[in-house]
Amino acid sequence: MPADFSEIELRQRVRWYAGVRWFYLLLLAGAGLVPLYLKSGWNDNFRHQTIIGLTGVVLNIIVLIATRRHGGKKIFYLLLAVAQVVFDILLVTWILYQNGALESRSIILYTIPIFMTGALLGRLAIYLAAGGSAAAYICLVSLDHFGLIHPPNAIFAYAHTDLFYYVSSVFFYGAVFLALAIISDYVSRLIRESEQLNEEVHALSAKNAETEAIIKTMGSALVAMDTNGRIKLVNDSFARLTGWHRNEVVGRKLDDVLPVLDESGHPAGPEAHPMRELESAFRAEEAAVRQIKGYSYVRKDGSSFPVFAYWAPITLLGGRIIGWTTVFDDATDVQKLEQLKSNFIALVSHQLKTPIAEIRDYINNMTFGVVGELTAKQREYLNDIDEVAQRSSKLIADLLDITVLEQGKAMLSLGPVDFSEVIEKSIAVHKNRLHQRKLTVKVVGADTPVTVLADMAKTVEIVNNILANAISYSREGKTITISTKVAGDNGEVRVIDEGRGMDPKTLDVLFNKSQVLSGAPTAEGGTGLGLYLAKQLINLQNGSITVEKTSDAGTTICISLPLVKR
């Protein structure tokens, strides 16, 4: 039973077989009736064969009409298929009887239902059809041999009674039918595999066409390369952004097609190319997809444009890299928007500095009794207002500093900076907050003074921001430890709090400006920009800032700056 055929497929196959049998019946009629009529004219034998042929035509019409039903069950079409095969076997047996049974060449007609069954009902039905054909033929030969029937057109009728001829015919044609079944099984399997392959090829072609359409119509430029950087694929947006046509760049190296410029507008060297950074990150098992900023590409006409690009490796199972992909966009409009935003923040922040300073002056005057004696409640409210104004002033100062840094206008005054002096100044700045939260600062100095090459004011601001963060996250009555040491060519400061720690989501955006500008929550008493500003200032001085440990027992933040070379 064809378990691999659906109801619709089986109905289509039965209908196909019924349609093919029209030619089959015409072939039988021509092979059996025309020579017989030319030899004997109209007689009973001719009439019998004509009736059989017309019966087959009528049954075939009935099958075709039945297959027009779309609501029939699978078993219904299965019975139709079996009926067609059985009728064909009986029809061939009748023709053999009319043409002399054993020695008739019409025995080859048995191959038709055997082959048709393979395409119609599946593998098992092939051997059943071959067995049925062999049984029908052996039954016919046996009846003829034992004299129970007398075929009307036997050419060698005397041989039919010979036992050796009978036995050899039975075994020979039995083997022939088995061979036909094996051949039909093999051929039908090839046909089924070919159909499956065609379906898979069609599905794959449709999927490839869909993928190509998506790639072709992407708004961002896409480039796929091999491991040597030779371009394999580009989309339409690549041509629009760069001026290069696909046929001009496929097979060429991306460096030759799109030269890379660094932030200063100079050609980026081989080691500074974004692909090298991606290769290093991938080998270090860091994030596979890398976002590249600060670079520009040179178009075909020689003009350049800033880009936001994403690079990723193309890997096989096992991690073997077979190529690279990059998706990039023209960042000119984005840079203009960023510039406008920075200018707006700088303008607003600068305009807010004066009124906030005036508010604090009025508060101080009132506190010192300029407007008369104040009650305890009034002093409490004024202190709260002054604290809010102080935090607002710090936020404005941070925004102005960030704007200056992002615009590349920050100035450094590098010189020898003693970490112990930086820590002393930072603790003095936060003396009141430490007292309010009942926190103790423990300073663990190195055996020898740690002197780094840095900007004193900016280094104090870095430690200020880290210490402010530690104060905000620490539990009341706990201790904040600040330690210094020499590590290779760098001096390090670690700020260790005993706070509630940070969750992984917070760590992901800890040094990111977007966590504040997007409205993400910050610790009590902080502006939220402190750590971002600290990272920008430390990068400006060729240093680094990292979170070494965070848990329910607290957080450790480490800054590192190059030592003063003797």
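Six aromatic pairs turn up in this structure, which is a predicted model, where local features need pLDDT of at least 70, side-chain atom pairs count only at pLDDT 80 or more, and totals for chains, interfaces and linings use all residues. Residue numbers run from 1 along each chain as its sequence is written, and side-chain values use heavy atoms, with hydrogens and water left out.

Let's start with Phe238 and Phe328. Their ring centres sit 6.3 Å apart with the planes at 75°, so this pair is edge-to-face. Here, rings of Phe, Tyr and Trp (its six-membered ring) pair if their centres lie within 6.5 Å; planes under 30 degrees apart are stacked, over 60 edge-to-face, and the rest tilted. Phe238 belongs to helix 7 (residues 236-242) and Phe328 to strand 7 (residues 321-330), so the contact ties together parts 90 residues apart in sequence. Helices (H or I, at least four residues) and strands (E, at least two) are DSSP runs, numbered from the N terminus. Phe238 is buried, at 0% relative accessible area, and Phe328 is buried too, at 1%; buried means under 20%, exposed over 50%, and partly exposed in between, with a 1.4 Å probe and protein chains only.

Phe328 has another partner, Phe305: that pair is tilted, at 6.5 Å centre to centre and 35° between the planes. Since Phe305 lies in strand 6 (residues 304-315) and Phe328 in strand 7, this pair ties together parts 23 residues apart in sequence. Phe305 is buried, with a relative accessible area of 0%. Step back, and ring pairs link Phe238, Tyr297, Phe305 and Phe328 into a cluster.

Now move along to strand 14 (residues 554-562), where eight of the nine residues are buried. Strand 14 pairs with strand 12 (residues 490-496) in the antiparallel sense over seven bridges; strands pair if DSSP finds at least two bridges between them. Across that pairing, Val493 stands opposite Ile559 in strand 14.

Which residues line the second largest cavity? They are Ile466, Asn469, Ala470, Val495, Asp497 and Ile557. A cavity is a set of points, on a 1 Å grid over the protein atoms alone, where a 1.4 Å probe fits but cannot get out, and lining residues have an atom within 4 Å of a point. Helix 15 (residues 456-473) gives the most to this lining, with three residues.

Key: On a 1 Å grid over the protein atoms alone, a cavity is a set of points where a 1.4 Å probe fits but cannot get out, and a pocket is an open set with protein on both sides within 12 Å along at least five of seven lines; lining residues have an atom within 4 Å of a point.
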